[in-house]
Each structure stands twice: as C-alpha cells, then as structure tokens.
Protein chains: 2
Amino acid sequence: MQKKTVKIGLMGFGNIGVGTYKALDMNRSLIEAKTGIDFEIVKILEKDVDRKRDVDVPREKFTQDPDALFADPDIDIVIELLGGVQPASDFMLKAMNSGKHVVTANKAAVAANYDALRKAAEDNKVLFRYEASVAGGIPILTALSGALLSNEFLEVLGILNGTTNYILTQMTEEGLAYDDVLKTAQEKGFAEADPTADVEGIDVANKLSILISLVFGERVAPEEIPTEGITKITKDDIEKAAAEGKKIKLVASAKKEAGKLSYSVRPTLLPYAHPLAGVGNEFNAVFVTGNAVDELMFYGKGAGPLPTGSAVMGDVIEIGKAIAKNAAYDTIVAGGKKA
Amino acid sequence: MQKKTVKIGLMGFGNIGVGTYKALDMNRSLIEAKTGIDFEIVKILEKDVDRKRDVDVPREKFTQDPDALFADPDIDIVIELLGGVQPASDFMLKAMNSGKHVVTANKAAVAANYDALRKAAEDNKVLFRYEASVAGGIPILTALSGALLSNEFLEVLGILNGTTNYILTQMTEEGLAYDDVLKTAQEKGFAEADPTADVEGIDVANKLSILISLVFGERVAPEEIPTEGITKITKDDIEKAAAEGKKIKLVASAKKEAGKLSYSVRPTLLPYAHPLAGVGNEFNAVFVTGNAVDELMFYGKGAGPLPTGSAVMGDVIEIGKAIAKNAAYDTIVAGGKKA
C-alpha cells in the first residue's frame, strides 16, 4: 500500500476539537498501519491560543483567519467543530466551494442547512460527512447509509441526549426531584449552565431531523417536529411508571405507516423489557426496525470528546481512503440520497 | 447518477439463500433509487429445483454446475451460501481466481481459510466481504473496519449464537432444565437435530476467530480458542447466579492487555446491569471497547433468513457501488488488514 499524507484543517478547538486531535494523536501509527495514510492536522482555527489543554499543539498551527484554511491548497479536509448554525454553516459551504471535503459534528448546522450543505458537496464533487452529529461515537449514520442500505425502514427510536437521559436515570434510580438532579448535573459538568437546548428537547429534534433524512429520505426541519422536553416530569410520574413496570425516557421517534411519516420528541413510557429501557445515564442508543434486518440497536456514548472524536476521525479516514485512491466522488458518499 | 446493472451468481438456495433473494426482491426499487444500480441474481447453484420456497424463481436460473457461475463473463459477484468449510472455500477461491467479487455468510469457511481467502482477493484485485458471517444482520464487521477505524480496541465480548442464548434465556426465565428447553427448541426449529456445533460453542469459536482478526489484527484459528459450551449448565447454576444478581450467558471474549491477547468462549456470569445481560432469546450482541469511542454495543438478530440476507445484500451493495464507479480495489475493502 502506498503511503500518502492527507492534510486537515480543524475549525474549533474546544472539547470536541481537542478530543478529535487526541483520537488521531494517540492512534496515529495504528491508523497509518491500517490505511497506509498519514493524517495530519496542519491548521487550527481558534482564537484562544493560550488556553490550557491536555494536548500539546505547536503554536504555529493556530490561526484566527478562516480563509487561511479555505485558501491553503495543501488542505484536503476541513473539520468543522465550532458548533451553532452560524458561522459554521457558511464556513462549511466556503470550504466545499474551495474544493475541500468537509466533516462535522454540528447537529444544529446540519439539521438547519441539510439540503444546502449536501448540494454544495455534490456541486463541488467533494465528500460531506456528519456521523458525529447524531449519537456521538455510535456509527449509526454510516450503518444506515451503508451496511443497512438493502432495508426499507419502518421505524426509528432514539435516546439521543446524554444530559436528559442522565437526569431521568438519576430521578428513577435515586428517587430524586428534577431540579435537584439538574443542579448536581450542572455542578458535575454533565449539564450546561443554560440547559434549555437539552432539557426542552431541541438538541434531540435536531438529531431526529438528520436521522429522518437518512432513514426515510424525507426532509423535516427540526422546528416542524412536535417536541416536548423533560422539565415537567415529576417524581410522581416516575413512580407511577415504575408501578406499571415502565421507565420514562426522552424518546425521539419516527415511523412510516401506509406511506405516512409521523414523528415526535417526547417523554415516553417504555416497558422494562424494551432494549431502550436499559440505556442509562449518559449513554445514547438508536433502535431501528428494517423490513429485512428486523430490530437492531446501537448503544454507546452519545457525547464526550474522545467518543465524538472517534466518529469524526471515522469520517476523516473514509474520506482519506477515497483521496488516497482517487476514487470517484459518489463511491463513498454516505447515503442520505432521496429514495 | 448513471444506472448500471450488477449481475450476481448465488451458490446455495436454502433458508439464507432464499432470505437474500427475498431481501433483494422486496426492496429492489428502493435499492435502485438509493444507489442507481440494478442488482440482478442471474444464476443459482442448487440441486433441489423443485423444493417449495416462498419466492418465485424462474426455473432457468438454476444450475447444478458451479463452473457455470465462474465462467459466466456477465457475473460480477458470487454470493456463497452453501455453508460448511468445503466445497464452499474452494468455490470462493475459484470465483475470485475467475475475477469475481465474493460475498459470504459462511463463518466456518471464513474462520478456517481466512488468510487464503483474503490473499486470493488481493491477488485477483477483487473484493471479499463476509459481514453476515458474524452476528447475522448486525453490521459489526463493517463498523469495526470502517467507522471505528480510528480506535485501538481493548476488548470485544459477544453473544454470538441464537440457539444457545435462547436455551439459556428460557432456562433462566421459565426455570426449565437444559434437556427440556433443547427438546422444545428442536421442535420449534430453533435448534438443529444435531445441536453439537451450537451447544458446544464451536459455532461461536468460528465467529470469535473472525472477530479477533478484525478487532486485533491477529489470526487465531477456531480450534486454538479455549471453548466450553452450555451442556453442563444446570437449573441450579442458573438459580445460584440469579441469587447473586447475575445471568449466565455464553460469551465469546477477547482482550488485549500489555500487548498480550487472551480469548475464550465459555458460559459467563454477567451482572444484570451489564448491557449484554439484557440480550434475550435468539438475539445476538457484540460489545466492544475502543480507546477513543469507549463502550459500544450492537444488538440485533444474529440469524434468520431476512436479517442474514440484509447483511449479505449490504456487502453486495458496497461492492456494486465500487463496480459502478470503477473504484480502485482497496478503496472499500472491509478491513482485516494486519496492524
């Protein structure tokens, strides 16, 4: 196998950015042995150069100018880890218009601008992948658009937010009230100071919008998804559920019946025997039913620097293989084509 | 996208052969819409032409001559679903030497002749895929050698045999004795008349041998794996386990510590809280730990015509995409390269 160097520009060097850098750094020789490719992060867009991080990055890799990444002819792949819809979406479009392949973990940007981002990839004959945007380290999007492609999907159910699943698990197992668990979660760093996007289900709606595109080939914007969070769940609700042998989970669901798609994000009663009922604390899981494969569940860490970095690097490696072999554009495009 | 026809020769038309035919048949238009490729099974190697099956196959597709598949210049992919080490292995080698890509669900043949089969694929610049050989419909091999490639794996645990998991689940939940459950399982068609390969763990050792190749890049023959089946498990053992809050499962495990690989197939006590403990009846699951992604579990149907057919067709579609785009050989080779 011929060795080839694939160069990467990284946008954003917060937790996920550092996790991605680390996932590559600690497994570099293994990745090179398996792929014959040397992946190198050559530029990092980040204002805060002096912040203490647990990786050692040469100072000269940092830049504060996004165009330094787009204009660099050596950069093959841009990884976008800024978060938020803008300027992340514009940066990804610019990167693709500059002929760069793009990888992102940004569910808000992908859910908001799915069509524009995919169109830019097609127009520019570059690859656009976003495995890390749904369920963190769990390689569900790659499976749905690759190994499971021979299925017509009937239903997808997901526990897609670690913060809310942690809160509900603690309320269930420790008999605590919502406000008390949220406070502890915030102190421990499991929940953000402003937890709205998590506890109101907005984060999950973004992820479900992306899942629906891949599973059913239909485009439903996050704001079109009926969404209810977990803020109204009481100890009483949870005890009532337990008395019926059930757990309350924040479930994203989409189902196609008689050609009609229905979807929602809402607290849902699951019998103990349901595989999703056993998914505790910060774990995520996606449960899909296909007309050939039947029931399938993927379970793992839905967030965190290294698990998310694993998913980002998985996408980067797939693109790197295609670059190394000069494979044609569509060969490894990860699904999402309208059926 | 340009439409292209990819032609398939199918060897073996038992349960899995029919399941694969059906998975393609029922989702043909969906697969074509998603890939731009028309997959067509043009020849079927099978002696029993008159057997009643629940699919309608034109009689002229059947042949009793394997060379009719190898020599047909129209056939791009040979699917081997004969089972057993021979003549399946020789047929796969012949197919590859005739320039055909090969897909198989045959764990015994892959585990016994892994190196020879992979070498034939490399020598002939064809693709060789075997997702269905481990854990049926669960796309674990594709994930290990694709989306999870940036991980160094620390451990893999699997419940990889539906028959034994069904027997242990029924013994646990219904308080029945081994012999009684086995008898019922045989009557229901969940266990074979001669259940040795399942209940003695031989089937699982084949699958673990394949998993070890992909997870740790090392080759361990099935007969080198210390293997203990479930025939000695008593009601008493199961009750004792339950009293400690544990379940007995037939677990395949492989672990790397300080550079040393250890492995076994044996009945194992799992605490109720372990994700594998909840895997009941005929379901399979694979639990892997990577140094970036952390804990990950894949759960689904480990056998059955349609789930296995889903995995076979997933491989066929990946190869079809490469054929359609004239992609270079290694681009989509599914892992297994020695690290």
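**Entry 1: the cis prolines**

I began with A:Pro87, which sits in the loop between β4 (77–80) and α4 (88–97) of chain A. This is a predicted model, so I read every angle here as computed. The peptide bond from A:Gln86 to A:Pro87 is cis, with omega near 5°. I then turned to chain B, where a cis bond joins B:Gln86 and B:Pro87 at an omega of about 5°. B:Pro87 lies in the loop between β4 (77–80) and α4 of chain B. I noted these bonds because most peptide bonds are trans.

**Entry 2: positive phi**

A:Asp294 has a phi near 70° and belongs to strand β11 of chain A.

B:Ala258 is not a glycine either, yet its phi is positive at about 50°. I found B:Ala258 in the loop between β8 (246–257) and β9 (260–271) of chain B. B:Ala258 is exposed, with 4 other C-beta atoms within 10 Å.

**Entry 3: helices α4 and α6 of chain B**

Back at α4(B), I checked its packing against α6(B). The axes of α4 (residues 88–97) and α6 (residues 114–124) of chain B come within 9 Å and cross at roughly 10°. The two helices α4(B) and α6(B) are therefore roughly parallel to each other. From α4(B), the contact uses B:Met92, B:Leu93, B:Met96 and B:Asn97. From α6(B), it uses B:Ala116, B:Leu117, B:Ala120, B:Ala121 and B:Asn124. I sorted the residues of this contact into seven nonpolar, two polar and no charged.

**Entry 4: the parallel sheet of chain B**

I traced an open sheet of six strands in chain B, in the order β3-β2-β1-β4-β5-β6, with parallel pairing. Which strands are at the edges? They are β3 (62–63) and β6 (128–129) of chain B, each pairing on one side only. Further in, β1 (residues 4–11) and β2 (residues 37–45) of chain B pair in the parallel sense over eight bridges. I picked out one position: B:Val6 has B:Phe39 in β2(B) as its bridge partner.

**Entry 5: the two domains of chain A**

Chain A is divided into domain 1 (4–137 + 305–332) and domain 2 (142–301). Their centres, taken over C-alpha atoms, are separated by 27 Å. I found 14 residues of domain 1 in contact with 15 residues of domain 2 in chain A. On the domain 1 side, α5 (107–112), α6 (114–124) and α13 of chain A each supply at least two residues, and α5(A) gives the most, with four. That side divides into seven nonpolar, four polar and three charged residues.

**Entry 6: where the chains meet**

Last, I went to the contact between the chains: 54 residues of chain A touch 54 residues of chain B. On the chain A side, the elements supplying at least two residues each are α1 (15–26), α2 (28–35), α7 (140–144), β11 (294–301) and α13 (305–325). Which element gives the most? My answer is α13(A), with eleven residues. The chain A side divides into 29 nonpolar, 14 polar and eleven charged residues.

I also followed β11(A), which five bridges join to strand β11 (residues 294–301) of chain B in an antiparallel run. Here I noted A:Tyr299 standing opposite B:Met297 in β11(B).

Methods: Residues are numbered from 1 along each chain as its sequence is written. Chains are lettered from A and ligands numbered from 1 in the order in which they are written. This is a predicted model: local features need pLDDT of at least 70, side-chain atom pairs count only at pLDDT 80 or more; totals for chains, interfaces and linings use all residues. Axes are lines fitted to C-alpha atoms, for helices over the stretch in contact, and angles run from 0 to 180 degrees between N-to-C directions. Angles under 35 degrees count as roughly parallel, over 145 as roughly antiparallel, 65 to 115 as roughly perpendicular and the rest as oblique. Two residues are in contact if their C-beta atoms, placed from the backbone, lie within 7 Å. Ala, Val, Leu, Ile, Met, Phe, Trp, Tyr, Cys and Pro count as nonpolar, Asp, Glu, Lys and Arg as charged, and the others, Gly among them, as polar. Two strands pair if DSSP finds at least two bridges between them. Domain bounds come from an automatic or database domain assignment. A residue is buried if 20 or more other C-beta atoms lie within 10 Å of its own, exposed if 12 or fewer, and partly exposed in between; C-beta atoms are placed from the backbone.
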